[in-house]
Amino acid sequence: MILLIRWLLRRRRERRAGEPAGAGPTAASRGRLALVLHQAFYDLRGFLRNRQGRFFTLVLPLLFLVIFVAVFGNNKVGPGNLPARIYYVPGISALAVIAASFVNLVISITVLREEGILKRRRATPVPAWVLIAGRTLMSIAVSLVSMVVLMLVGRFAYGVRLPTRTIPGVAMTAILGSISFCALAYAFSTAIENEDAAQPMVQAVMLPLYFISGVFIPAVTLPNWLRHVAQVFPVQHLSHGLHHAFAPATTGIGIVWSDLGVLALWGAIGLAVALFRFSWLPKAATG
Amino acid sequence: MEPVVSVHGLRKRYGQVDAVAGIDLEVQRGEIFAFLGPNGAGKTTTVEILEGFRTRTSGEVSVLGIDPAHGDAAWRNRVGAVLQESNAEPGLTVRESLQLYSGYYLEPRDIDATIALVGLEEKAETMAPQLSGGQRRRLDVALALIGDPELIFLDEPTTGFDPSARRTAWHVIDGLRELGKTVFLTTHYMDEAEQLADRIAVIAGGQIVAEGTPGTLGGRNRMAATIRFTLPEGTAADDLPAELRALLAGEDGRVTLTSQSPLAHVGALAEWARGRGIDLPDLDVRRPTLEDVYLELTRSEA
């Protein structure tokens, strides 16, 4: 996948190299959408060159899938007595979406903010919402690519088949989940004081939620009270929505409207907090 | 012509302290203006108000005819800012960083020409975070220039640089003059202000304590010169002619005279010495340096 994106970037670069320098209208003069895509493209390029970001976002979910399936793959899970490998493909897919939309985003915007890069960008005419939309778009794209890779591995290595009729459900759940977690990322970054705190704080919040939300451990094996706790948080609803779409017994297009509703609600809360608290300036500002 | 930057009675209060205590400034088009002062004097607070990053407590501020507190995209198209602390764009080369920023503007400068202007031709394909401190600062200048602004703010552009990196940076800033840009520079290096600026304002304790050209700042051009020499054994300051004795400012092995007309007084001294058959091999005549003036002006802050 990384190779594919690299190839696309190289092709684009080669096409551009043919044009005279400075020719053609700039992104800003081609309208708002062009400017958002311009920002997303350079954000993506920067992200793909970040080894740590690539590992945590694209490689680690794959490792989790391989390990969990290797250890628990043949266990039977839940009322349908499904093999656990069918369980782990959607569960780890939820983790992949969160890794790209939330974990990576919180860390990267904290770094950009603390290093004064967001501030410098704000000293240019680019509208604030373009910077946010560009990076969010990049995160959603990475989330979806990472999820598709997991599903392809699930399909061809483990024979976990996604019912064709539930593809709309999976897509909608993943996209809405990704948008909501991006909004939550902007909100959460406002609570982080410096770059070093970003990674531990994000993991401190997410690891427990992965365990109680049916990502690492099938929810049916958890005590009831823990499942109720998990239902308050968005991770459970993303994971449950994806599990539902994968379950062979599911009929229809695989959408759980209550899960989408909760995800949207969390996204709205994130957005509200971000609008109220987000700052472009370093927290550790001097003078 | 309307000044590019105009500030009247600017005040910024943090709690009980006035970080900026009512200052007036005017910067004309095409001028390199240095805002000189020790750390904590209120330089960055002022420049960030002018850039639109901070609100002010009171006073009137106009930058290119607009109040920066309400600066919109059209205004930002005309203003460039090199911030005191901002790092390189992660994961992008020098050229890509400039491509990203040039997309933000309607009529940006040519990317290659801008890279050449800051002398980074050989580093164009280098990852921006791998540049040295001095090179990164020059990339910052290029990023601030890419939109072809009329006015550029440079907030302490050479703090922490080694002497050769400073020279290179000065050369780049001096080049902005040829482009006809107006430059608002803050610095705590007196020699930087002297080297680059057409006009200097010294700020200390949130107030402007002096303003002028590098040659006239703080009345430097009217200040008395010092004449110093050592008298040979057997001769004392009391033996000097009355005209020179009246200028005596100190005698601690070396005689120090302060003079408003050094040429006439050195002449009198020479005549007197030749008459007595003595020489004054360590004679030196010195006008106050800008550093002396600056230290005098900002003394209460030290």
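View 1. B:Thr226 has B:Thr258, in strand 12 of chain B, as its bridge partner. The model is predicted: local features need pLDDT of at least 70, side-chain atom pairs count only at pLDDT 80 or more, and totals for chains, interfaces and linings use all residues. Residues are numbered from 1 along each chain as its sequence is written, and chains are lettered from A and ligands numbered from 1 in the order in which they are written. Strand 10 (residues 225–229) and strand 12 (residues 255–259) of chain B are antiparallel, with 5 bridges. Strand 10 of chain B also pairs in the antiparallel sense with strand 13 (residues 284–286) over 3 bridges; there B:Arg228 is bridged to B:Asp284. Strands pair if DSSP finds at least two bridges between them; strands (E, at least two residues) and helices (H or I, at least four) are DSSP runs, numbered from the N terminus.

**View 2. Helix 3 of chain A.** The 22 residues of this helix (residues 51–72) should span 32 Å at 1.5 Å a residue, and the end C-alpha atoms, 30 Å apart, agree with that. The expected span is 1.5 Å times one less than the number of residues. A kink of about 40° lies at A:Val59, shortly before A:Pro61; the bend is the angle between axes fitted to the seven residues ending at a residue and the seven starting there.

**View 3. The contact between chains A and B.** Chain B gives 31 residues and chain A 26, contact meaning C-beta atoms, placed from the backbone, within 7 Å. Helix 3 of chain B supplies the largest share of the chain B side, 4 residues.

Definitions and conventions. Two residues are in contact if their C-beta atoms, placed from the backbone, lie within 7 Å.
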